[in-house]
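Let's walk through this structure together, one step at a time. Have the sequence and the 3D view at hand as you read.

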Amino acid sequence: MGVVAESSVDDAAVRGSGGLPLSLAGSNSSGGWELLLQNCRSHWPPFPCVLGNSAGLFSTVLWFIVLVPQLWKNYRRGSVHGLSVLWATANFTAAFINAFFVFSLQQIPYYTKISAVYMPSLEAAMMIQFGIYCKVGLRQKLAFGGLLMAIVTTVLVLCLGLQLTNEMEWVAIFLWSVQTFPQVMLNSELRSTSGQATTSVLIAVTGKTSDFLTNYLLIMPTQYVVMSYFSSTLGYINGIQLVLYYRRHASKREPTDDEECKDVTEKVPVLGEETGHAPPSGLLAALRQRSVDESCCLPRMVLGVYLLATLAVFAVCVAVCVPWYLGVPSPLVVIAVLASHAAFRARGPSPTTGENSS
């Protein structure tokens, strides 16, 4: 989610009715330097303010296209294997709620309105792909469709019927904060990011960087600063997984029908382990492997170091920029959740079931 701050200089003016920030919707400021000098910190020079607002506008553009490569990849392979349905559902729900919040505000720029309609549409297309491509029974598909209808109905009743749009926006903020947890855990379980479109992951990492700059260089509400930490950190962890598992993609076989649409599945065997055919060998294969190693390892190592260093910067920033009772626990929550998942996975299959069930 891209957040652009465009209201005033002090923190009180950043908030709208119900304590929510007007920055989500912007203001009637127009063009030029005025657009890039909103929500500035009074004791900072102008450059950080210009950078923060520019990053917010840039991230808005990125969120317009971030899902397009993923939707195209799903369509081409006719599968959503390797994607977490929890990740997709959290994205759809948050975007749907945010659309009502944006249109509940009177003074908003047109690009914000367009984004508020466009993003739920993309997320809905993703949910339709899950319904079409998941190799599960009709009963499970009907249950999934019923769940989506229940979510849509609940949001409509709360936002339109009970006029709780401002309160519901906090639900969207929470979902955007934790949305990537299920996908990161699924990637770890599969030891692969082959289900994700590489372009979408890279766009997301870039967008999370822009969001982080916007929320930490400008005057923004504490809730959005904390959300930016969780969202950006998990996006970067997903980027690290892309680096770690990149070489595995070419050596994975296509999943069978029984392996589709599982958030927790057994490791997909490497080509040759199950078929009995040995991997290619010989001088040509050795030279090819050496060429790949020399051309890929250094860039991947540099990217990995950058991602890890940035995670440390994120942790320091959230600890010093928000109240201690929010800043200090935030990195610990991420570490605890991922460590718990790693410990659970290390236990292996249950002795009673033997293998993971669908």
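Two residues are in contact when they have heavy atoms within 4.5 Å. With that in mind, look at Ser 200: leaving aside residues up to four places away in sequence, Ser 200 touches Val 66, Leu 67, Pro 69 and Gln 70. This is a predicted model, where local features need pLDDT of at least 70, side-chain atom pairs count only at pLDDT 80 or more, and totals for chains, interfaces and linings use all residues. Residues are numbered from 1 along each chain as its sequence is written, and side-chain values use heavy atoms, with hydrogens and water left out.

Ser 200 belongs to helix H10 (residues 198-217); helices are DSSP runs of H or I with at least four residues, numbered from the N terminus. Its relative accessibility is 8%, so Ser 200 counts as buried (buried is under 20% relative accessible area, exposed over 50%, partly exposed in between, with a 1.4 Å probe and protein chains only).

Now for the rings. The whole structure holds 10 aromatic pairs, meaning rings of Phe, Tyr and Trp (its six-membered ring) with centres within 6.5 Å; planes under 30 degrees apart are stacked, over 60 edge-to-face, and the rest tilted. Why is the pair of Phe 64 and Tyr 118 stacked? Their centres lie 5.1 Å apart and their planes meet at 20°, so the pair is stacked. This pair links distant parts of the chain, with Phe 64 in helix H3 (residues 46-65) and Tyr 118 in helix H6 (residues 110-133), 54 residues apart. Elsewhere, Phe 212, Tyr 216, Tyr 236, Tyr 306 and Phe 314 form one aromatic cluster.

Definitions and conventions: Helices (H or I, at least four residues) and strands (E, at least two) are DSSP runs, numbered from the N terminus.
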